[in-house]
Every structure is written in C-alpha cells, then in structure tokens.
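User: I would like to learn how to read a protein structure. Could we go through one step by step?

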Amino acid sequence: MKIVKLSAFFKNVGVLSLSVALSQLFQILSLLILAATVKQTEMGVYTIYLSLLSIVSSVGLLQYDQALVHMEDEKEKDVVSALLFLSLLSSAAVFVVSLVLSYPLGKLLSAHLFFSMLMLIAIRYMTRKRYFKRLAAVRVAPPAIFFLAVSFFSWTGLLSVSFEIVYIHLLSLSVVSIFSIVWVITHLEGISFSVSKIFSFFKEKREFAILTMPGTLINSFSYNIPTVIIGRFFGEAAAAQFFLALRGINVISILSTALYNVIHGTIAALYREGNREKIKNLIERYRKKMFFVSFAAMLAIISLSTLLEFFDFTAEWRDTLFYLQIMAPLAAITLFVVPLSSVFFVFERLGVDFFNNTTLLFLVIFSWGIAIFMHNIVAGVLLYTLLSIVRYFYILYKIKEIVK
C-alpha cells in the first residue's frame with residue numbers, strides 16, 4: 001500500500017493550481033473576446049446554454065463517479081464500465097427531453113453532456129491514481145483549444161451567433177475527452193460490460209444517487225439558475241452581465257479546483273490507511289495557510305474590478321464589474337471552504353452534504369424571489385452573497401465536527 005506523504009501534497013497543489021490558473025485564464029480571455037465580438041443578446045443565449053449544461057452535468061452520472069476515487073482496486077474496471085453505460089443513458093435522456101421541449105440547442109446540449117461525462121470519468125480516475133500532472137494537462141487542454149478557435153474565428157469575422165460559439169465549445173471538449181477516456185481504458189488494459197456487475201455497483205453505491213446526487217443537483221441548480229432567471233425576467237443582455245461576474249469570481253478561485261482534487265485524493269488515501277490523525281493535521285495546516293490566501297484574493301478582485309472601471313472598453317460591462325465587487329467576499333470564503341467539502345464524501349457523511357445543498361436552494365429562491373419582486377438585480381446579488389457567506393460558516397463548523 002502506498003503511504004501518503006504530506007510533503008508531496010503542496011507539490012501536487014502547485015501543479016494543479018498552475019493548470020487551473022491557465023484554464024481560467026483561457027476561459028476569461030475567450031469570454032472577453034466574445035464580449036467584444038458578438039452582441040450581448042447572443043452572449044446571453046450562450047451563457048444560458050452554459051448554465052443549463054452545468055445543471056444537467058451535475059446529475060449525468062448521478063454522482064456515482066465519486067465512488068471511483070475510493071473503490072477497491074479490483075473493482076476499477078467494473079466501475080468505469082458502469083459509468084460509461086450511465087453516460088450513454090443520460091445523454092440519450094437529455095436528447096429526448098430537449099426534443100419534447102423544443103429547445104433549439106438541445107441536440108448540442110445532449111452531445112455536450114456526453115463528452116463532459118467522459119471527461120469527468122477520466123478526471124476521477126486520475127484523481128484516484130494521483131496522476132496530477134496528467135490531470136493538469138487534461139484540465140487545460142479544452143479551454144486552450146476553445147480560446148485558439150474563438151480567437152481565429154473572431155479575427156476572421158466568421159463568429160457572430162450563439163450557435164457557432166456552442167459548436168466550437170463542443171468540439172474543443174470532445175477532442176480532449178475522447179483522448180482522455182481512451183487513455184483510461186488503455187491504462188486499465190481494457191474493460192468489459194457486464195450487466196450484472198454494472199447493476200451490482202449501482203445497488204452497492206446507491207447512497208450516492210439517493211443522497212449525493214440530489215444535493216449536487218440542488219447545488220448546481222442554485223448556482224446556475226440565477227442566470228436563467230435573469231435572462232427570463234431582466235433580459236438576455238442582463239444575464240450575460242451577471243454570468244461574466246460569476247466567471248470573474250471563478251478566476252480568483254484558481255486554487256479551488258486544484259485543492260479539491262488533491263485534498264480529496266489525499267484524504268481518501270489516508271482514510272483507507274486508517275490514519276485519522278494525519279487527516280486532522282492536513283486540514284489544520286490547510287486552514288492556517290489558506291486564510292491569508294483567501295483574504296488576498298478578495299482584495300485583488302475588488303481592486304482589479306475598481307481599476308477596470310476607468311477604462312473605456314469596459315463601459316458596456318460596468319454592471320459586471322459592480323457585481324464582482326459585491327461578490328468578492330463570497331469568492332474568498334468559497335475558495336477557503338469548498339476544497340474541504342471533500343471530507344463529506346470521504347467520511348460518507350452524505351446526509352450533511354445534502355442538507356447544505358438544500359439550504360443553498362432555499363437561499364437562492366429567497367434572494368432572487370426578492371429581486372424579481374423588487375425588479376432589482378442588485379438586491380438579489382446582495383442577498384445571495386450575504387446568505388451564502390453565513391452558509392459557508394456553517395459548513396466549516398460541520399467539517400470540524402466530522403474530523404475531530
């Protein structure tokens with residue numbers, strides 16, 4: 001059995017942090033190019049599509065992918081086979097629903113979902129094996145390809161409508177996801193589909209679908225539905241403004257995804273070794289270091305968004321900068337808390353995670369219900385930010401209670 005060395009922890013964080021930083025940079029540059037190239041209404045259609053994609057992606061694998069990180073070694077092939085089977089079913093279901101609802105981008109949405117799930121399976125497998133350098137490359141590749149494609153088509157004047165943007169986004173993801181899942185299957189020396197083993201896995205780990213999946217759906221729904229709501233009640237241009245602010249917040253959360261993957265993989269390995277004391281020490285060291293990092297991130301986004309107000313090229317996107325300033329404290333505490341939430345999965349305290357996500361749903365309903373009633377987006381942003389910060393303090397309390 002491999003003994004986890006805490007000294008390797010921060011090295012892995014550094015590798016994934018760099019990859020997430022590059023990924024976020026490419027995403028932001030792509031959005032800036034699109035904002036300067038296409039109309040706000042077309043940008044709004046694209047951002048609403050991304051929000052819907054995020055929602056369906058959160059339930060595509062019913063959260064069974066989480067089990068891949070800490071399942072027994074001899075069951076790796078069976079788990080990957082089951083997840084691939086589920087990917088096909090989920091994408092087919094979205095395709096049928098989109099036809100029934102006559103959603104114009106429905107066919108692309110179902111294909112996008114399928115390749116997103118392939119990518120997620122590969123990421124979970126790399127996290128399990130702690131192949132963090134390969135994981136870093138896989139995370140950077142799609143946004144890098146998308147950025148290059150958007151830059152080229154914008155420069156040539158061939159990019160103008162939301163459909164074209166979605167198509168480029170889909171192609172960028174599909175190339176990398178196919179390469180990644182083929183690598184996983186090759187590394188496993190092939191897989192075989194056994195109906196009995198697939199359904200045995202679904203039954204054995206059904207708590208992920210019963211407890212974790214609804215919570216994750218609620219979380220994703222709560223995060224993405226404001227963009228859809230704003231598009232419905234305030235217009236697609238306003239939806240684009242808010243969506244860009246959310247993406248801006250993600251930029252200062254450069255470490256969040258990297259930390260989550262490393263902490264999840266490391267804590268899961270320590271948990272399998274029965275080394276609870278090292279888990280406590282790891283979390284304590286993380287909390288001391290990340291407090292100052294999170295605070296600096298908050299100051300950085302407030303300062304940068306304030307500075308950008310003085311440039312003429314941002315005049316059309318002033319609302320985005322204002323939303324960024326309001327949500328900066330929320331971004332800081334998100335960066336601090338979210339990586340630690342992997343504790344709920346490792347210790348299989350799935351009920352706690354479900355309660356936390358349900359709380360977020362009610363928070364969003366209340367905040368944006370007030371915003372619609374007042375017909376004031378700023379009121380919704382303020383309430384959402386304040387109530388979310390309170391929620392994160394509660395999550396910190398529960399994490400401390402679990403690992404003590």
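User: In which helix is Thr47 found?

Analyst: First, how to read the model. This is a predicted model, in which local features need pLDDT of at least 70 and side-chain atom pairs count only at pLDDT 80 or more, while totals for chains, interfaces and linings use all residues. Residues are numbered from 1 along each chain as its sequence is written, and side-chain values use heavy atoms, with hydrogens and water left out. Helices (DSSP runs of H or I, at least four residues) and strands (runs of E, at least two) are numbered from the N terminus. Thr47 is found in helix H2, residues 40-57.

User: Is Thr47 buried or exposed?

Analyst: Buried means under 20% relative accessible area, exposed means over 50%, and partly exposed is in between (1.4 Å probe, protein chains only). Thr47 counts as buried because its relative accessibility is 0%.

User: Which residues does Thr47 touch, not counting residues up to four places away in sequence?

Analyst: A contact means heavy atoms within 4.5 Å. On that basis, Thr47 touches Thr227, Ala239, Ala240 and Phe243.

User: How many helices and strands does the protein chain have?

Analyst: The protein chain has 16 helices and 0 strands. Its radius of gyration is 21 Å, close to the 22 Å from the globule rule for 404 residues, so the chain is as compact as a globular protein of that length. The radius is taken over C-alpha atoms, and the rule is 2.2 Å times the number of residues to the power 0.38. Buried residues make up 54% of the 404.

User: Which residues have the most contacts inside the largest nonpolar core?

Analyst: In soluble globular proteins, nonpolar side chains tend to be buried together. A nonpolar core is a set of buried Ala, Val, Leu, Ile, Met, Phe, Trp, Tyr and Cys residues joined through side-chain atoms within 4.5 Å. The largest one here has 67 residues, and Leu34, Met43, Tyr46, Tyr64 and Phe201 have the most contacts inside it. Helix H5 (residues 106-129) gives the largest share of this core, 13 residues. Apart from it lies another core, of 58 residues, including Phe344 and Tyr392.

User: Where is Lys398 placed, and is Lys398 buried or exposed?

Analyst: Lys398 lies in helix H16, residues 377-403. Lys398 counts as buried because its relative accessibility is 13%. Leaving out residues up to four places away in sequence, Lys398 touches Phe344 and Val352. Phe344 is also among the residues of the 58-residue core.
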